[in-house]
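Morning, everyone. Let me put the model up, and then we'll walk through how the chains meet.

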Amino acid sequence: MSNTHITWIEGSIVEHEVHMTMVELAEATCTPQDMIMAWVSEGVLSPAGGSPQDWRFSGNSLQRAKTAARLMHDLELNLPGVALALDLLEELDQLRSQLHLANAAPNKE
Amino acid sequence: MKFKDYYETLGVARTASPDEIKQAYRKLARKYHPDVSKEAGAEERFKEVGEAFAVLKDPEKRAAYDQMGSNWKSGQDFSPPPDWNSGGFTDGDFGGDQSDFFESLFCRGARAQAGRQSQPRSAKGQDQHAKIMIDLIDAYQGAKRTIGLSMPAYDDQGQLFMQERKLDVSIPQGIRAGQNLRLAGQAGPGFGGGPAGDLYLEIGIHPDPIYRIEGKDVFLDLPLSPWEAALGTTVNVPTPTGALLELTIPPGTPAGRKMRLKGKGIPSKEAGDLYVVPNIVLPSAETEAQKEAYRTLQGAFDFKPRSHLKG
């Protein structure tokens, strides 16, 4: 056995350091650029920048776009449906965390 | 390989109409969708339901499946009949997540064909996604993980095949649940000199028994006795990294009043905060002396906790 030197691959946190262009976001989510534009006009995603070429997607855009793509594909939701579902899911997530805290409260015997 | 009863999976009769099948699928898909349900095993169920629907919604595939007869029971050992020809099903509609059972019936032809598609002269490799789970302390301190992934690669003949690859990944301090780590150029190979695709790792954080995590902020329930809350005290509060912080509880602290320890949440450029949430715990009065203590308390106060309720 020889000693192998491990090179640890450093990534960048998309939500902190990466501002994706529309092309990058389309590739990362396997979604046509038209669909990205439709999501933006529906308010599912809110990029910075004026025109589609200048758009920069930051924050949780990648996560939202991935979820939107899955929901549209798997459940055949339409655009307003996806926008509503994403907002509700976000709220549900918060409620679940709160519930988790309530259940974990140590005063229950 | 086990036989799968797709009708049973969707909970419909073998004679179900296409509409009934679609209805059953939609209902189950909404229930078990991994973005919607956090139930254990939901993702597994969702895949099974999706696989069943992929076959039963397509009249040709359904006919081929039905042709195998209804004598098969779910879970029975199965191999496709010798005269079975899967070559006709090549519509590439399958995400690649199907069971062996499904693949043996419908995917072999499609897979063999996929390598022969005409390719543009040069193209960027496909981006890939995977999910990894870390602990809360990893988000505080960073971590190193070796992950195994199945990745596409080209052989000498330019055919695409799947290859097991191990990646040593450094997980940066300050990453939060739901965030993605982009490893540039670590996914599918480019074609004809094109760049390799990017690998995206979605981060999940295991639920912690003590702390609740909300983005970059972390919450801790702090049990206090009634006299500690009423008179004030000093307590040692553990942080997720194991350090102890001395926290002064002011007299008259009500339950639920969050106390913020600035910058002690998940670190990052703008570090999160650690919130301590007091929780007042009542000791139960068991011995006569304890009961007497409560009675003394009662006598000392003119306390009307329900004064805001009418009647």
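Which residue of β4(B) does S12(A) stand opposite? It is R182(B). Before I go on, the ground rules. This is a predicted model: local features need pLDDT of at least 70, side-chain atom pairs count only at pLDDT 80 or more, and totals for chains, interfaces and linings use all residues. Residues are numbered from 1 along each chain as its sequence is written, and chains are lettered from A, ligands numbered from 1, in the order in which they are written.

Elements are DSSP runs numbered from the N terminus: helices are H or I with at least four residues, strands are E with at least two. Strands pair if DSSP finds at least two bridges between them.

β2(A) is joined to β4(B), residues 180–183, by two bridges, and the two run antiparallel. I13(A) has L181(B) as its bridge partner. On from there, β4(B) is joined by four bridges to β5(B), residues 199–205, again antiparallel. R182(B) is partnered with Y200(B) in β5(B).

β1(A) pairs with β3(B), residues 160–171, in the parallel sense, over two bridges. Within it, I9(A) partners V169(B). The open sheet has three strands, ordered β1(A)-β3(B)-β2(B), with mixed pairing. Its edge strands, each pairing on one side only, are β1(A) and β2(B), the latter spanning 143–154.

Next, the whole interface. Contact here means C-beta atoms, placed from the backbone, within 7 Å. By that rule, 31 residues of chain A touch 33 residues of chain B. On the chain A side, elements giving two or more residues include β1 (9–10), β2 (12–13) and α5 (79–103). The largest share, seven residues, comes from α4(A).

Last, a helix pair inside chain A. How is such a packing described? By the angle between the axes and the distance between the axes. For α2(A) and α4(A), the angle is about 45° and the axes are 10 Å apart. Axes are lines fitted to C-alpha atoms over the stretch in contact, and angles run from 0 to 180 degrees between N-to-C directions. So α2(A) is oblique to α4(A): under 35 degrees would be roughly parallel, over 145 roughly antiparallel, 65 to 115 roughly perpendicular, and the rest is oblique. From α2(A), the contact uses L25(A), A28(A) and T29(A). From α4(A), it uses S61(A), L62(A), A65(A), K66(A) and A69(A).

Definitions and conventions
Contact = placed C-beta atoms within 7 Å.
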